[in-house]
Amino acid sequence: MKPAPFSYVVARSADDVVAALADGRTDVLAGGQSLVLEMNYRARRPARLVDINRVPGFDRLEPDGDVLRVGPLVRHRAFEGDTVPGPLGTLLRRVVHHIAHPPIRARGTLLGSLAYAHPAAEWPAVVTALGADLELTGRDGHRTVSAADFFRGPFDTARRAGELLTELRVPLLPPGTRVGFAEHRRTHASFAQLAVIAAVTLTQGRVSAARIGLVNAADRPVRAHGAEAALLNRPLDDPAITEAGRVAAEQDADPRPQPHADLGYQRHAVAVLTRRALAQARDQG
Ligand SMILES: Cc1cc2nc3c(=O)[nH]c(=O)nc-3n(C[C@H](O)[C@H](O)[C@H](O)COP(=O)(O)OP(=O)(O)OC[C@H]3O[C@@H](n4cnc5c(N)ncnc54)[C@H](O)[C@@H]3O)c2cc1C
């Protein structure tokens, strides 16, 4: 199908975007990999699109002090190489290869994925697990919302009408942090049925910090605080990993019925994937 008629404006600055959004009938066009699909199905009928692809500086991707700053035009593909140093770069690189396939990764943006908030998308759970902050810009200026507060449910976020997501700030992981990612999906390049992100810091052989994120294991991205606590001050050995998997499945996950997976299956898969992600982190060397 073709989209319903709409008009189109190209923005040259964040102010242009905010001005365009003020009519309440305009949508932001970033990579277009979700929005245009919905428009073609006529599930969305914006009166106008404001294209942010030509705003100078929106493609910034740079470590700054103890955070990584990500602008609205940083495509998924940017994380495939070694642009981001250290353990955070390793984690993002492992995750990105599970997002769709190369042409979509070349156009789609990380911030677009956060704004869209698909329940099975990987990035929302990554930024939630890592304790990232999001900057939103509207007519009243900027405000910052933690990832933990940003996602409210499937396709539902704390973004207010008229606001543009202008920056993501992800804390860098301490040197020596080990990372892992495990995903189950039904077909190649489809969305995740479930996935788990893990970043574990060891001090003198024991876990001093753990960040675990669950994809599609609840109505929003989950930071698995219970599983993280189960690892603290323990060596990252088989008993600790097994216990963390059990806690993630029984306490942290809050699965919803899915067409191809009942609730018991989903909890079992969370335990298995948590163990796999943690074992990958342990074996990183
Ligand atoms: C076949 C297929 C498979 C896919 N598989 C996966 C997958 O496995 N995992 C995954 O995570 N994703 C997957 N995707 C989605 C893909 O990652 C999209 O790129 C992403 O969800 C949206 O990013 P975008 O830049 O294309 O946003 P767009 O499509 O341009 O926009 C999406 C929504 O976000 C809004 N928006 C975009 N940027 C901003 C901003 N800066 N501020 C405010 N609002 C904004 C738009 O107005 C729109 O409502 C898949 C898509 C397709 C078509």
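Figure 1. Helix α5 gives the most to the shell around the ligand, with 5 residues; helices here are DSSP runs of H or I with at least four residues, strands are runs of E with at least two, and both are numbered from the N terminus. The structure is a predicted model, in which local features need pLDDT of at least 70 and side-chain atom pairs count only at pLDDT 80 or more, while totals for chains, interfaces and linings use all residues. Residues are numbered from 1 along each chain as its sequence is written. In total, 29 residues surround the ligand, and the closest are G31, Q33, G108, G112 and A121 (a residue is near a molecule if its C-beta atom, placed from the backbone, lies within 6 Å of it). At least two residues of this shell come from each of β2 (26-29), α2 (35-40), α5 (110-116), α6 (122-129) and β10 (164-171). By residue class the shell comprises 18 nonpolar, 9 polar and 2 charged residues, where Ala, Val, Leu, Ile, Met, Phe, Trp, Tyr, Cys and Pro count as nonpolar, Asp, Glu, Lys and Arg as charged, and the others, Gly among them, as polar.

**Figure 2. Division of the chain into domains.** The protein chain is divided into domain 1 (7-51), domain 2 (61-171) and domain 3 (178-282), with bounds that come from an automatic or database domain assignment. Domain 1 and domain 2 each supply at least three residues to the shell around the ligand. The centres of domain 1 and domain 3, taken over C-alpha atoms, are separated by 36 Å.

Figure 3. The buried residues of helix α3 (residues 86-96) are P87, L88, T90, L91, L92, V95 and V96, and what covers them includes β5 (67-70), α4 (102-107), α6, β10, β11 (178-184) and β12 (194-203). P87 counts as buried because 21 other C-beta atoms lie within 10 Å; the term requires 20 or more such atoms, whereas 12 or fewer make a residue exposed and values in between partly exposed, with C-beta atoms placed from the backbone. Not counting residues up to four places away in sequence, P87 touches L173, T177, V179 and A199 (contact means C-beta atoms, placed from the backbone, within 7 Å).

**Figure 4. Two residues with positive phi.** A117, which lies in the loop between α5 and α6, has a positive phi of about 60° although it is not a glycine, and it is buried, with 21 C-beta neighbours inside 10 Å. N216, in the loop between β13 (206-215) and β14 (222-223), has a phi near 65°, again a positive value in a residue other than glycine. N216 is buried because 32 other C-beta atoms lie within 10 Å.

Figure 5. Helix α9 (residues 238-252) and helix α10 (residues 263-282) pack at an angle of about 145°, with their axes 8 Å apart; axes are lines fitted to C-alpha atoms, for helices over the stretch in contact, and angles run from 0 to 180 degrees between N-to-C directions. The residues of this contact divide into 9 nonpolar, 4 polar and 4 charged. A230, placed in helix α8 (residues 225-231), is buried, with 23 other C-beta atoms within 10 Å. Leaving aside neighbours within four places in sequence, A230 is in contact with E243, A244 and V247.

Terms used: Two residues are in contact if their C-beta atoms, placed from the backbone, lie within 7 Å.
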